[in-house]
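This report goes through one structure, part by part. Please keep the sequence and the model at hand while reading.

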Amino acid sequence: MKPVTITNTVLRDGHQSLAATRMSTEQMAPIAPLLDEIGFQSLETWGGATIDSCLRFLGENPFDRLDTLKKLAPKTPHQMLLRGQNIVQYTSFPDDVVEAFVACSAKHGMNIFRIFDALNDTRNLVTCIKAVKKAGQHAQGTICYTISPVHTLESFVKLGVELEKLGCDSICIKDMAGLISPSVVGALVKSLKEKVKIPIILHTHSTVGYGPAAYYAAIENGIDTVDCSMVPFANGTGQPDILLTLAMLDNSERRPDYDTSKFPQIREHLEKVYAELGAFTSPQNEKTDADILQYQVPGGMLSNFRNQLKEQGMADRLDDVLKEIPYVRECLGWIPLVTPTSQIVGTQAMLNVKFGRWKMFSQPAMDIALSKYGKTPGPIDPEVLKLAIEKTGQQPVECRPADLLEPRMPKIKAELKAKGYDDSDENAVLWAMFPAELEKVLKGEKPAPIKKPAAPVSEAAKAAVGRKYVLNVDGARHEVVVEEAK
Ligand code: CO
């Protein structure tokens with residue numbers, strides 16, 4: 001078998017999972033050229049929550065970030081995470097906005113588009129897939145992995161076959177909660193390899209601790225690519241570490257031959273950035289905890305939850321809320337928990353615990369029940385559906401949800417013009433999703449400087465400063481000293 005290849009996620013999911021997506025372009029710039037030299041399959045640099053974070057917290061134009069990173073790392077394909085019809089937001093957008101977004105991203109150099117739908121409803125992927133193909137780029141279809149009575153090995157393989165038929169160039173098994181066990185992923189990769197010809201990629205998180213073992217099983221069964229990050233933006237709620245993955249494959253014909261000589265230099269820089277982002281890191285995210293297996297919720301969701309419950313004065317109800325989640329999921333057709341469904345299910349579980357089941361029915365949860373996000377994997381609980389119909393006076397949606405949306409680009413462009421801003425496609429697609437945040441960036445307003453961390457600073461971040469590391473890379477020892485944070 002050919003060596004497995006690695007997608008490096010440190011510039012997107014690595015800091016999204018472990019530092020609230022706060023890594024700035026300035027913090028990325030010094031290592032982008034080094035990452036480009038290693039020979040990774042791709043660099044995940046954009047999409048997911050990074051676009052929101054650029055505009056909302058960092059005062060950056062996300063397209064400028066993409067331009068900068070492409071210039072600094074021109075050799076390796078760049079990859080982004082795209083939420084299908086939701087683009088990088090939480091609700092559906094009309095096709096014209098989706099198409100313009102993909103065209104702009106490709107124009108600025110995006111190569112691989114990993115496209116997912118939270119419900120695994122492929123009708124929500126087709127516009128993106130077509131737009132990516134039209135731009136001459138790589139469309140990666142996604143299987144969102146979750147555990148439920150309606151999600152079987154056969155159902156995932158069937159989805160894989162469908163993605164290939166829809167014209168996808170590769171398929172990603174996206175295990176956002178880190179719940180895929182070695183035996184399950186081994187069997188899934190084996191079956192997919194028998195049924196589809198396009199490359200298969202595994203994306204997981206080390207939240208539970210399965211990560212490295214899941215990669216090993218997937219690699220043994222012929223997976224083409226795995227997603228890895230780099231310490232300290234790896235492990236815990238992030239992806240497994242690259243050095244660990246390489247070490248795991250020592251003496252295996254599947255070990256990729258990467259030039260690891262720059263790793264210590266990259267590590268040194270990342271440790272410094274991690275310390276700088278101390279206000280956004282947390283000891284809880286750095287942990288690997290099999291306890292999550294009983295809740296089956298993504299790690300990021302768990303950490304958000306703790307904060308939300310604290311704000312609501314419900315910190316002591318965490319257990320009750322976590323127990324309510326499977327019930328809410330079942331009522332809402334066993335939807336996978338990934339952005340935005342994880343937030344919707346989590347909030348509804350919280351409301352159920354606080355006020356009694358379905359006494360407060362959130363609008364987004366009603367929208368799921370009415371199939372406004374797409375077709376749910378299992379049926380909606382009849383009582384819950386009845387309640388949603390009564391409360392809204394609406395019937396469930398039968399068609400592809402975006403078919404109900406009017407084109408929006410002309411209206412957005414008129415809005416931009418009326419306000420005196422450039423009505424470029426780039427501005428228009430960002431305005432469609434984040435108008436208030438984009439306006440601040442267009443006005444050149446700088447975000448408030450990061451306050452010195454109030455609390456809790458991650459122990460690892462504190463301990464990192466001044467510490468000497470000895471790294472063992474390909475048999476050679478390297479010493480790394482972490483500088484004081486700015
Ligand atoms: Co992820």
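## The metal site

Histidine 203 and histidine 205 are both buried. In this predicted model, the two histidines take part in a metal site: the cobalt ion is coordinated by Asp13 through OD and by His203 and His205 through NE2. Along the chain, the donors of the cobalt ion are spaced as D-x189-H-x1-H.

## The barrel

Eight strands close into a barrel. Their order is β1-β2-β3-β4-β5-β6-β7-β8, and the pairing is parallel. On average, neighbouring strands of this sheet are turned by 30° against each other, with direction ignored. Strands of a sheet pair through backbone hydrogen bonds, in either a parallel or an antiparallel way.

Strand β1 covers residues 5-8 and is joined to β2 by two bridges in the parallel sense. Leucine 202 has valine 226 as its bridge partner in β8.

## Strands β2 and β3

How much of strand β2 is buried? Six of the six residues of this strand, residues 42-47, are buried, so β2 is largely enclosed by the rest of the structure. Strand β3, residues 78-82, pairs with β2 in the parallel sense over four bridges. Leucine 43 has its bridge partner in β3 at histidine 78, and glycine 47 has its partner at leucine 81.

Strand β3 is also largely enclosed by the rest of the structure, because five of its five residues are buried. In a regular strand the side chains alternate between the two faces of the sheet. In β3, His78, Met80 and Leu82 point one way, while Gln79 and Leu81 point the other way. All of these residues are buried. On to the next strand, β3 and β4 pair in the parallel sense over four bridges. Methionine 80 stands opposite phenylalanine 113 in β4.

## Helices

Which strands does helix α1 lie across? Helix α1, residues 10-18, lies across β1, β2, β3 and β7. The helix runs at about 60° to β2.

Two packed helices are described by the angle between their axes and the distance between the axes. For helix α8 (residues 153-165) and helix α9 (residues 182-195), the axes come within 10 Å and cross at roughly 40°. This crossing of α8 and α9 is right-handed. On the α8 side, Leu153, Phe156, Val157, Gly160, Val161 and Glu164 are in the contact, and on the α9 side they meet Ala187, Leu188, Ser191, Leu192 and Lys195. By class, the contact of α8 with α9 holds seven nonpolar, two polar and two charged residues.

Helix α15 (residues 318-331) packs against helix α16 (residues 341-355) at an angle of about 115°, with the axes 8 Å apart. The crossing of α15 and α16 is right-handed. Helix α15 contributes Asp320, Val321, Glu324, Ile325, Tyr327, Val328 and Arg329 to the contact, and helix α16 contributes Val345, Gln348, Ala349, Met350, Asn352 and Val353. By class, the contact of α15 with α16 has eight nonpolar, two polar and three charged residues.

## Backbone features in loops

Most residues other than glycine have a negative phi, and most peptide bonds are trans. Where does asparagine 120 lie? Asparagine 120 lies in the loop between β4 (112-115) and α7 (126-134). Asparagine 120 is not a glycine, yet its phi is positive, at about 60°. With a relative accessible area of 16%, asparagine 120 is buried.

Serine 371 is placed in the loop between α17 (363-369) and α18 (382-392). Its phi is near 60°, a positive value in a residue other than glycine. Is serine 371 buried or exposed? Serine 371 has 14% relative accessibility and therefore counts as buried, as the cut-off for buried is under 20%.

The peptide bond from valine 231 to proline 232 is cis, with omega near 10°. Proline 232 is in the loop between β8 (225-228) and α11 (242-248).

Conventions. Residues numbered from 1 in each chain as written. Predicted model: local features only at pLDDT ≥ 70, side-chain atom pairs only at ≥ 80, totals over all residues. Heavy atoms only, no water. Donors = N, O, S within 2.8 Å, 3.2 Å for Na, K, Ca; no water. Buried < 20%, exposed > 50% of the residue type's maximum accessible area, 1.4 Å probe, protein only. Pairing = 2+ DSSP bridges. Axes fitted to C-alpha atoms, helices over the stretch in contact; angles between N-to-C directions. Left-handed = near helix turned anticlockwise from the far one by under 90°. Contact = heavy atoms within 4.5 Å. Nonpolar A, V, L, I, M, F, W, Y, C, P; charged D, E, K, R; others polar.
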